[in-house]
Amino acid sequence: FGNLATFAFPFILLAFLAILWGLFYFPAACLVAGYTRSFGATLNPLIGLDTIRRLGIDYVKILFMGLVLIIAAGVFSAILAAILSPFDMPMMGNIPAKFIGSFATFYISIVFSVTLGFAMYRNSHKFKLSAR
């Protein structure tokens, strides 16, 4: 077990760093996808980092808002699962909680998208975008 743990540590560290990078870069990737409409530009970290640089403190606000939304979704899901726990069926799960939770997830993704849209609208002069 010791040899396995020693061998696995670099992979675990890389996975942890990849998750951190994904959480940090996700809003930038969504923004880049929105204003370039290009899949390749979304994958290019130089364009994403340039977007982060142009947004400045607004990007920190977006990250904080995303964190708040993730925490709110987790709390809502936990409360919903606890309230609807009598409906938990073996091998099927808690269908009512999944049904209601999917609407909450959809709503939270819309709130996040609107937050990104407002940030792009407010900073459209930095990206030379036309405000139609």
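The questions below concern a predicted model, beginning with a helix and ending with a cavity.

Reader: How far apart are the end C-alpha atoms of helix H1, and what span should its 35 residues have?

Author: Helix H1 covers residues 2-36. At 1.5 Å a residue, its 35 residues should span 51 Å, and this agrees with the distance between its end C-alpha atoms, which is 48 Å.

Reader: At which residue in H1 does a kink lie?

Author: H1 contains the proline Pro27. A kink of about 45° lies shortly before that proline, at Tyr25.

Reader: What covers the buried residues of H1?

Author: The buried residues in H1 include both Tyr25 and Pro27. Ala28, Ala29, Leu31 and Val32 are buried as well. Their cover includes helix H2 (39-43), helix H3 (45-55), H4 and H5.

Reader: Which residue just after H1 takes a positive phi?

Author: H1 ends at residue 36. Just after H1, a positive phi of about 55° is taken by Arg37.

Reader: Which element gives the most to the lining of the largest cavity?

Author: The structure holds one cavity of 30 Å³ or more, and the volume of the largest cavity is about 40 Å³. Two or more lining residues come from each of helix H4 (57-83) and helix H5 (95-122). The element that gives the most, with four residues, is H5.

Reader: How do the residues of this lining divide into nonpolar, polar and charged?

Author: The lining consists of Ala73, Phe76, Ser77, Gly101, Ala104, Thr105 and Ile108. These residues divide into four nonpolar, three polar and no charged.

Notes:
Residues are numbered from 1 along each chain as its sequence is written. This is a predicted model: local features need pLDDT of at least 70, side-chain atom pairs count only at pLDDT 80 or more; totals for chains, interfaces and linings use all residues. Side-chain values use heavy atoms; hydrogens and water are left out. On a 1 Å grid over the protein atoms alone, a cavity is a set of points where a 1.4 Å probe fits but cannot get out, and a pocket is an open set with protein on both sides within 12 Å along at least five of seven lines; lining residues have an atom within 4 Å of a point. Grid points are joined across faces, edges and corners, and a volume is the space filled by probe spheres set on the points. Ala, Val, Leu, Ile, Met, Phe, Trp, Tyr, Cys and Pro count as nonpolar, Asp, Glu, Lys and Arg as charged, and the others, Gly among them, as polar. The expected span of a helix is 1.5 Å times one less than its number of residues. The bend at a residue is the angle between axes fitted to the seven residues ending there and the seven starting there. Buried means under 20% relative accessible area, exposed over 50%, partly exposed in between (1.4 Å probe, protein chains only). Contact means heavy atoms within 4.5 Å.
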